[in-house]
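User: Could you take a close look at one part of this structure for me, the salt bridges, and walk me through what holds there?

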Amino acid sequence: MSVGDRYGPTVYERVQATPEFGDLRRRRRRFVFPMSALFLVWYLAYVLLASYAPEFMAIRVAGNVTLGLVIGLLQFVTTFVITTAYVRFADRKLDPAAAAIRQEIES
Amino acid sequence: MDTPSLVALVAIGLVGIASVLIGTLGVRVARSTSDFLVASRTVGAVPNAAAISGEYLSAATFLGVAGIVLREGADGLWYPIAFCAGYLALLLLVAAPLRRSGAYTIPDFAEARLHARGLRRLCTGLVLLIGWLYLLPQLQGAGLALTTLTTLPGWVGVVGAGVLVILSVVGGGMRSITFVQAFQYWLKLTALTVPALIALALFLGSGRELDRPTAPVFAEETTVSVETPVRLEVAADTALRARGTVDGAAVDGPLVWAPGVHDVQAGTELRFAAGSGVPVPAGAPPTDREWLEPHSGGATLLEIYSIMIAGIAGTMGLPHVLVRFYTNPDGRAARRTTVVVLAMIGAVFALVSLLGLLSRAFTPELLVDGRTDGAVLLVPTAVLGDGWAGWLLGGLVSAGAAAAFLSTSSGLVVSLAGVLFTDVLSGRLRDFRIAAVLSAIVPVAPALLVGRMDFALTVPLVFAVAAATFCPLLVLGVWWRGLTPTGAVAGLLVGALLSCVGVASTLVGSVPEGAFGVLLLRPAAVAVPAAFLTMIVVSRLTKATVPADVDRTLLQLHAPERLGLSRERLDSQ
């Protein structure tokens with residue numbers, strides 16, 4: 001299967017040539033990669049904290065609940081927050097930009 | 001057979017019948033992309049998200065996470081966190097570009113991106129390997145559920161589960177599979193919420209607590225039959241009666257275990273008085289306080305990192321997960337669905353983790369005979385007692401377990417059958433049903449032959465194979481124009497080899513102690529970076545073979561749908 005043979009190369013070349021498209025691509029990369037790195041570091045750092053700062057993680061917040069447990073649960077929350085952030089970013093920044101490029105090309 | 005067994009069997013039977021019925025209401029067999037696309041146009045966002053979650057949350061999750069938490073405590077939370085994060089990695093790095101590529105299996109993607117038949121064949125082989133490896137613990141989970149809940153032998157569960165999966169897959173189309181899996185998600189959620197709330201209320205009302213400097217205690221006199229050899233650890237002197245072989249000597253009578261590790265042979269019966277401390281599997285935190293606190297270091301740190309890398313990078317490489325994105329009409333809808341999916345998956349993980357925590361108070365005897373994976377199934381009768389209330393709640397949980405098993409296994413079998421049908425059987429057997437039967441039957445034999453291992457061991461291992469092979473292929477394929485066919489093949493082979501050494505040594509069951517042993521069982525920390533590195537280095541060495549149309553392909557992968565550049569295969573059919 002060759003990808004995209006329905007549209008001639010001209011559309012591709014024209015899209016690729018627009019400065020707006022380069023901008024769009026940069027914007028997405030600037031979001032996706034730092035975000036991936038950030039969440040990876042946050043997860044891995046938690047394990048490090050648990051290994052080398054057990055007293056810190058064992059601080060009681062309330063009753064049976066330790067700080068470690070709270071940060072652990074926060075990991076789930078972070079996953080959800082990053083996802084929501086990405087969806088909002090894509091809706092607000094990526095989609096309108098793409099629509100604008102399309103309009104420009106079609107006109 | 002006693003009443004609770006019958007109740008559980010009836011509940012499991014009802015789920016099977018309901019799934020097959022909902023499945024057969026659809027007419028067509030899901031065998032091509034167009035079926036997924038048809039599903040995408042007729043299925044709403046919430047049922048679709050429920051179906052995705054239903055498919056992702058396997059029997060291993062439903063049963064395994066609680067078992068891990070029961071044994072490992074706070075350190076066990078890593079597994080659900082990594083599985084959730086895997087979904088995020090999939091969303092950020094590959095979901096939308098793959099949705100746009102028009103390729104709905106990994107072999108399709110590999111060929112569209114790099115135009116190499118050999119690479120496609122390698123990918124096909126890996127999809128089958130990963131899918132079959134992942135079906136193994138699912139089938140064995142069905143066997144475990146049956147032996148835990150009834151007096152039937154485990155093989156009945158394995159074989160029965162295989163038959164049910166074949167019936168529901170062969171009967172239905174993608175649209176109906178979507179509804180089956182959505183139904184199964186809601187059933188799983190209910191089957192966890194009700195016992196979790198009841199157990200939580202009773203636990204809080206009983207004034208018991210989990211934060212004790214001692215081991216958990218038996219609430220009443222308990223006899224445990226040890227069926228596979230175990231090494232148990234006690235934190236304080238523990239009195240018990242034993243009949244069988246303990247610490248290498250035949251015993252029949254009272255014993256006192258000194259703090260430390262004790263070997264118990266298969267066929268031994270251990271009896272503990274009410275209030276006596278519960279021994280835990282060697283290596284697991286023996287006291288409740290240690291169990292509640294995350295504490296790792298050295299080899300454990302390496303192990304946890306490896307589990308996390310496997311979960312985060314492996315989710316995108318599971319054959320049934322990726323395909324599901326095709327039931328979204330476009331990338332925008334795919335993103336929205338993912339948010340709902342994460343909330344749904346998160347809810348289930350939170351509930352199973354809670355059940356795992358509470359099972360430490362209600363079913364500590366599972367720590368002794370190594371059946372921690374049965375915790376979710378046994379909490380109902382432990383909480384509500386041996387009466388109709390407990391049996392019915394047990395029936396609900398067994399229905400949930402059956403749904404968990406069926407949804408993931410059906411999804412896997414559909415994906416595997418799709419690959420078998422187009423890549424392996426093409427031209428010989430033009431029948432998708434045969435491919436489906438074949439996909440489901442192959443893993444049954446090893447599931448029966450290989451002894452059951454904890455989900456904590458088998459599931460991350462399958463994720464590790466996926467992480468070390470398809471994760472680098474997908475991430476580099478989507479984001480790096482320098483990838484060459486030779487580089488991809490070399491990376492896949494290195495990743496597969498390194499991770500499969502782990503699979504083989506786990507199946508054989510001989511693993512040395514120390515960091516090397518940890519890496520054999522948890523190969524992701526080494527295998528994933530090695531596969532990435534090999535792919536990059538070999539691609540650099542074979543620079544001349546970068547496909548000529550790479551810019552066009554990448555443009556199509558990255559240009560949002562609204563540019564109108566992506567192409568759905570339905571259009572060309």
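Analyst: B:Asp108 is buried, at 9% relative accessibility (buried is under 20% relative accessible area, exposed over 50%, partly exposed in between, with a 1.4 Å probe and protein chains only). B:Asp108 sits in helix 6 (residues 106–114) and B:Arg120 in helix 7 (residues 117–149), 12 residues apart; helices (H or I, at least four residues) and strands (E, at least two) are DSSP runs numbered from the N terminus. B:Arg120 is buried too, with a relative accessible area of 9%.

A word on the basis: this is a predicted model, where local features need pLDDT of at least 70 and side-chain atom pairs count only at pLDDT 80 or more, while totals for chains, interfaces and linings use all residues. Residues are numbered from 1 along each chain as its sequence is written, chains are lettered from A and ligands numbered from 1 in the order written, and side-chain values use heavy atoms, leaving out hydrogens and water.

Over all chains, the whole structure holds 12 salt bridges. In another of them, B:Arg231 pairs with B:Asp263 at 3.3 Å between the closest N and O atoms. B:Arg231 belongs to strand 2 (residues 230–234) and B:Asp263 to strand 5 (residues 260–264), so the bridge ties together parts 32 residues apart in sequence. Here B:Arg231 is partly exposed at 48%, and B:Asp263 is partly exposed at 33%.

Note on methods. A salt bridge is a side-chain nitrogen of Lys or Arg within 4 Å of a carboxyl oxygen of Asp or Glu.
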